[in-house]
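Student: I have a structure to go through and I'm new to this. Can we take it step by step?

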Amino acid sequence: MSSIAITINGQKVSTQPGQTILQAAQASGIDIPTLCHHPALAPIGACRVCLVEVTGQRTLQPACTFPVADRMEIQTESPKVVRARKFVLELLFSERNHFCMACEMSGGCELQNLGYRYGLDHWVYPTYTQRFPVDASPAHHLMDHNRCVLCRRCVRACGELVANHTLDLRQRGAHAMLCADMDVPLGDSSCVGCGTCVNVCPTGALIDKRSAFMARPDAVDRVETICTQCSLGCGLNVVMHRGHVLRLESSWNAPVNGGLLCRRGRFEALEDRRTRILEPLIKEKGRSVPASWTWALAETARRVFNEVPEQLGLLTSTRLTSEALGLLQTIFAKHLRSAQRGTADGQTPALPFTPCGKLADIAGSDLILLVAADPVQDQPVASFLIKRAVDQGARLVTVESRPTELSAFAEATFKPRDVGIAVELVMAAARPVVIYGGGLTKSGAKALQKVESKAKFIPLVPGVNTVTAAALGLNGRFDPAACSTLYIVAGEENGTLDDLAARINPTAFVIVQACYASPLTERADLVLPMATWLERSGSFTNTDGTQLRAHAALPPSGQSRPDWDILGRLAERLGLDAGPAKAELPRCGA
Amino acid sequence: MAKVLIATDWLAACAGCHMSLLDLDERLVELLNHVTFTSSPVTDLKHPPESGVTVGVLTGAISNTHNIEVARRMRARSTYLVAVGDCATFGGIVAARNLVGTPAALKRAYLETESTVDGLIPDSPELGMPLPTVTGVGDVVKVDIFLPGCPPRPEDFFYVFSEVLAGRLPLVLPSQHFRYD
């Protein structure tokens, strides 16, 4: 496309037709203030803060929506523009309660920053005294209408990004108010509690309950890492103040999720109330007593080394780093030749299709076939991506034995025995995507093979690093009753391994590497304290094969250590090369 | 050179702004080489001299009729009037009353608090009458310089006084001295 030349504040700028003035200005480093605009959302020109002077135009125009044209001349800070912006801000401040000193967002509020930038040092209009309600009905966030400037960022985030369409505006003019569904409390609405609206709110109208008023937004630190709640590995920012985690925020450039997070990833991940294991524990006369790391590792090495391979069992969480899983393979598969190697996911069937498709492919597809998966429950952000594509006109077809929450969005749903009809629909589509879960049967996989070259296949596996565990051969058969020595990496698994303790041979020696106390650590003869997902760095390969990197936000609590650190030291004890093992991953088309 | 005269007074205020002014500490000594504080709520002389001052400083919001009187007197007697603090500029924490209304606020404060016995809303004619709406000083008199902050920091006071002494007016607060949070 040929570029066009425009002039901004006397500076020649080369840009593309179809761009907005704001995009052209940002690309050449010219700052135009905005309020309702958000890079992840479609611009609507609601707030009028970005008004600029365009030569030849009768009135000032919003830069966020006004398209550039050849030889256009633009002034972004002329006296006329500044006067208009100040007027807009004075009006915005005159509606509702915008007293900064008692606001959670003070120090990081976009409205406040604009007030400073344009020198609003007193009210020009009479103080507005109407009091608006505060809706604190959702579990994790609250909506304070008194702080709202009606920019509709939250409305657009809820609709455009999450495709949930819970939030909207009701009434007009000065009576306009944010509302959920047909004006019900947010907590009773169709809100899925993902908190994307909280993340995009420019003021203190939507705030996170847990971290509200705990630190000024300009005094926090951010560490970018990935979520390990499900297999997507969504990127997120850990927001911290003086070493304490305040909240989790969207990372808009994250490769998998592009800023989306679900309720579990954004809020519930910080709500773990289980008791941490903070030191190595050894069972003595039926009681767990603290032990030193040196002794605990020596005892672990002795026990696993002296066990015969047939009776040595390894069970691992699939939420471990690739580095740790690589070490488990080195120690237990290559060196000790343990016969029993399983994952907490259960014996996952081998994924029949090489992971060629990426989650990003969902957006451009015209037909999505969802087979034996329930992303609303298991990978919520994937369900947002699917609903978003449906909003854009993609057709959703599901093959499932029981209806899921996505069935309502499907054009057609088929029973597993009718998978053949669904495959016909895929054949007829232009850019089909097949998303399949662990429940895919052998016959289902066979039927889908017909479209293997046509469709992009995206598997939805259970754990964030299941793909690596499977590639390393750690997801095999595991029978706890058949083992007399067990090494169980429970990590942060919650509930999934609780019934395991009862199935272990009573005379077996059990070593558990875990973050939290559980029935399993009660049963264990030796417990090794492990650092949580916030306390360790490492690599992951998510469900669609994307390589991800996590960064520790906190130092490990107590004497706990990152998963790879514990296993590295164990490998050293066993006289093995403790260098970071690289997982051999299936490559697309290989 | 004759010293510049400064008078201060407070309206509906918590005294925090005056505390912040006193927190100038040793810089006050330097300042006093150039200015004379004629009157203030924290000195023996309370009222600005009838002969007038160069700089009048008001802290606090306009909450009752007495505040209006004090504000008008300071305006009449000063060349430059400085509204200091979030209350004097925006109404501040005092303006929280606007969200419930004056009658409800008086009832709560004088009749309904948990420790009140035989409560009575004061109605002496000697007292200022509470206004229906709390506002900043600018709603009642013309203000030359607004210095927001809760409270403004001592260096903000020092900056404003220095600029006025140097005659650099009208004053546009630079960002490091402009905070209302």
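Tutor: Start with a definition: the radius of gyration is taken over C-alpha atoms, and the globule rule is 2.2 Å times the number of residues to the power 0.38. For the 590 residues of chain A, a compact globule would have a radius of gyration near 25 Å, and chain A agrees with that at 28 Å.

Student: Where do these coordinates come from, and how do I read the labels?

Tutor: This is a predicted model, in which local features need pLDDT of at least 70 and side-chain atom pairs count only at pLDDT 80 or more, while totals for chains, interfaces and linings use all residues. Residues are numbered from 1 along each chain as its sequence is written, and chains are lettered from A and ligands numbered from 1 in the order in which they are written.

Student: Which domains is chain A divided into?

Tutor: Domain 1 covers 4-77, domain 2 covers 129-270, domain 3 covers 281-348 + 467-573, and domain 4 covers 359-460. Those bounds come from an automatic or database domain assignment. The C-alpha centres of domain 3 and domain 4 of chain A are 35 Å apart.

Student: Now helices. How do α8(A) and α16(A) cross?

Tutor: Helix α8 (residues 322-335) and helix α16 (residues 563-573) of chain A have axes that come within 8 Å and cross at roughly 25 degrees. Axes here are lines fitted to C-alpha atoms, for helices over the stretch in contact, and angles run from 0 to 180 degrees between N-to-C directions.

Student: Which word goes with that angle?

Tutor: α8(A) is therefore roughly parallel to α16(A). Angles under 35 degrees count as roughly parallel, over 145 as roughly antiparallel, 65 to 115 as roughly perpendicular and the rest as oblique.

Student: And which residues of α8(A) and α16(A) meet?

Tutor: E323(A), A324(A), L327(A), L328(A), T330(A) and I331(A) of α8(A) meet D563(A), W564(A), L567(A), G568(A), L570(A) and A571(A) of α16(A). Two residues are in contact if their C-beta atoms, placed from the backbone, lie within 7 Å. By class, this contact of α8(A) with α16(A) has eight nonpolar, two polar and two charged residues. Ala, Val, Leu, Ile, Met, Phe, Trp, Tyr, Cys and Pro count as nonpolar, Asp, Glu, Lys and Arg as charged, and the others, Gly among them, as polar.

Student: What about α7(A) against α16(A), at what angle do they cross?

Tutor: The axes of helix α7 (residues 293-306) of chain A and α16(A) cross at roughly 60 degrees and come within 9 Å. The two helices, α7(A) and α16(A), are therefore oblique to each other. L297(A), A298(A), T300(A) and A301(A) of α7(A) make the contact with R569(A), L570(A) and R573(A) of α16(A).

Student: Switching to chain B. What is its secondary structure?

Tutor: Chain B comes to six helices and seven strands. Its radius of gyration is 17 Å, close to the 16 Å that the globule rule gives for 181 residues, so chain B is as compact as a globular protein of that length.

Student: Where are the cis peptide bonds in chain B?

Tutor: One joins C150(B) and P151(B), with omega about -15 degrees. P151(B) lies in the loop between β7 (145-147) and α6 (154-165) of chain B. Another joins L169(B) and P170(B), with omega about 0 degrees, and P170(B) is in the segment after α6 of chain B.

Terms used. Helix = DSSP H or I, 4+ residues; strand = E, 2+ residues; numbered from the N terminus.
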